[in-house]
Amino acid sequence: MDSIKNYKNRDYFYILSLNIIGNCAIWIQNMMSSIIASNISTTSMMNSIYQAAITIPFFCAFIAGYIGDLYNKKLIVSFSNFLLFLCSIVISFIDFKNENDIFILIILVGLFSIGSVLRMTVTQSLITTVVDTSFLKKASLLNNLGFNISRVIGLASAGYLMSYFSIRNLYMILSILFLFTSLIMFKIKINDSSLDGNRNRNRSKSKGLIHLTTHSSLFKIYSIDVFIMFFNGSLIWALLPYIAKSQFGFSSEGQSDLMAILGSGSLSTLFFYSVASKIKVGSSYYFIISLLLPLSMLIISITENIYFIYISLFVFGLVWNLKVSLLNGEVQFISPKESITRVISLFFMVMYSGQFIGVLFYGVINDVYGINTSFMISGCALFIGILLVIFKFKCERQMEYL
C-alpha cells in the first residue's frame, strides 16, 4: 500500500516528469556542444580539455548541496532552470566556425554546467522530501531511469535535429524548455516548512555529514567503486562523439546514433526494474553484473566489427545505469536525512572528479597510443578496480563478524 501511495503521489509525479523534460533539454544541448567541439577541434587532447573543463563545475557540487540543505529546494531548482535558460539564449547568438572558438564554447558550456550541477543535486534530494523512507531506494532507481530516458532522447535526437534546424533555432527551443520547467516548478506544492528549524541545526547537520564521510566504511567503499567507474568510463561517456568522428568517420547523425545505443542500454534497465530494485550492493549478483563493464570495453578494444561494438556499448550502458542507480540509492539510504543534499553532492563530486581525471588521462593515451590501446587499458583498469572493491567488501564483512 505504501508503494502504491508513493506511485500516485502528485508532487513526486510532477517532479519526476519535469526532471525528464529538463534532462532531455540538457542532454540535447550537451550532445550538440560535443558535436560542435568535435567539428571545430582537430585533436583528441583538445576534446579532452573541453570535456574536462565542463566537468569542473561538478567540483562545486558540495556548495550546491550546502545551499540545497539550507534554502527552499523548489526555488533553487527553479533558479537553476532559469540559469540554463539564460545560458542557452546567449549561446544561440554565437557562431562556432573557427578552432579558437572552442575556448568560447568551453566558457559558455562551463556556465551551463554550473546550472546543471545545481539542478541535479537539489532535484535528487527534493524527491526525498515527498516520498516515504521505505520507497527511497525505488524512487532513486526511478529517478535514474528517468534520467536515462532523457539521455536516450537527447543523445539520439541531437544530431538529427542539427541536420534539420539551425543551431541558433535549436538553442532557442531548448531555452524555452528550460524556462517552462522553471515556471511550472512554482506550481508544485512541496512542504519545505522545516527550513527555519534546519538552519538553526546547521552545526548538527555538519557533524552528521562529517561522521558519515569519516566513519562510514560503506560510504568509502561506494565512493571508491563509483570513482573507478567514472574514471575508466570517461573514455566512453566523454570521448565517444570524438571517437565516432575520428575513428569511424561518422557524421553528426552517426555520432548521435552511437551515443543513443549507449543510452538505450541505460534505458533498458526499465525492463529489469523489479529485479534491479532487489539487488544489494556488494552481493555476488552485483559483482557478476559489474564484470560486464570491463568485458564490454575489452571487446571494443579487440574487434573491428561495428555490430559487436554496438552490442558492447548497449551492455555497457545497461550495467552502468544499473550500478549508478543502486549506488545512489544506497548512499541516500545511509545518509542523515537533514544533510542528504550535501551527501548527494559530495558523492557527485567523487563521480565527476573521476571523470575529470579520466578524460584528461585517456585523452593523452588516445593521442599517443590509439583508441584500441585506450579501451584495453580502460577495461583492464576497471577489472582491477572491481577486484579491489570486492576485497574491500570482504574486509568489511569480516570486521562485522569480529
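Student: Which element gives the most to the nonpolar patch?
Tutor: In this predicted model, H16 gives the most to the nonpolar patch, contributing 3 residues.

Student: And which residues make the patch, over what area?
Tutor: The patch covers about 420 Å² of surface and is made by Leu-292, Leu-295, Ile-299, Phe-308 and Ile-311. The elements that supply two or more residues to this nonpolar patch are H16 and helix H17, which runs over 306–334.

Student: Take Leu-295, then: where is it found?
Tutor: Leu-295 is found in helix H16, and its relative accessible area is 43%, so it counts as partly exposed.

Student: Why partly exposed and not exposed for Leu-295?
Tutor: Because the exposed class needs over 50% relative accessible area and the buried class needs under 20%, the 43% of Leu-295 puts this residue in between, as partly exposed.

Student: What about Ser-301, buried or exposed?
Tutor: Ser-301, which lies in helix H16, residues 292–302, is buried, because its relative accessible area is 7%, and the limit for buried is under 20%.

Student: What does Ser-301 touch?
Tutor: Once residues up to four places away in sequence are not counted, Ser-301 touches Asn-372, Phe-375 and Met-376.

Student: Changing topic to the inside: which residues touch the most other members of the largest nonpolar core?
Tutor: Those are Ile-236 and Leu-313, in a core that holds 87 residues. Helix H11, residues 217–237, provides the largest share of this core, with 11 residues.

Student: Which contacts does Leu-313 have, leaving aside neighbours within four places in sequence?
Tutor: With those neighbours left aside, Leu-313 is in contact with Ile-236, Leu-240, Leu-258, Ile-261, Leu-262 and Ile-300.

Student: Stepping back, how many helices and strands does the chain have?
Tutor: The secondary structure of the chain comes to 19 helices and 0 strands. Of the 402 residues in the chain, 57% are buried.

Student: What share of the contacts with a separation of 6 or more comes from residues 24 or more positions apart?
Tutor: Among the contacts in the chain with a separation of 6 or more, residues 24 or more positions apart account for 87%.

Methods:
Residues numbered from 1 in each chain as written. Predicted model: local features only at pLDDT ≥ 70, side-chain atom pairs only at ≥ 80, totals over all residues. Heavy atoms only, no water. Core = buried A, V, L, I, M, F, W, Y, C linked by side-chain atoms within 4.5 Å. Buried < 20%, exposed > 50% of the residue type's maximum accessible area, 1.4 Å probe, protein only. Helix = DSSP H or I, 4+ residues; strand = E, 2+ residues; numbered from the N terminus. Contact = heavy atoms within 4.5 Å. Patch = residues over 30% accessible without salt bridge, like charges linked within 9 Å, V, L, I, M, F, W, Y side chains within 5 Å. Areas by Shrake-Rupley, 256 points an atom, 1.4 Å probe, with all protein chains shown as cover. Salt bridge = Lys/Arg side-chain N within 4 Å of Asp/Glu carboxyl O.
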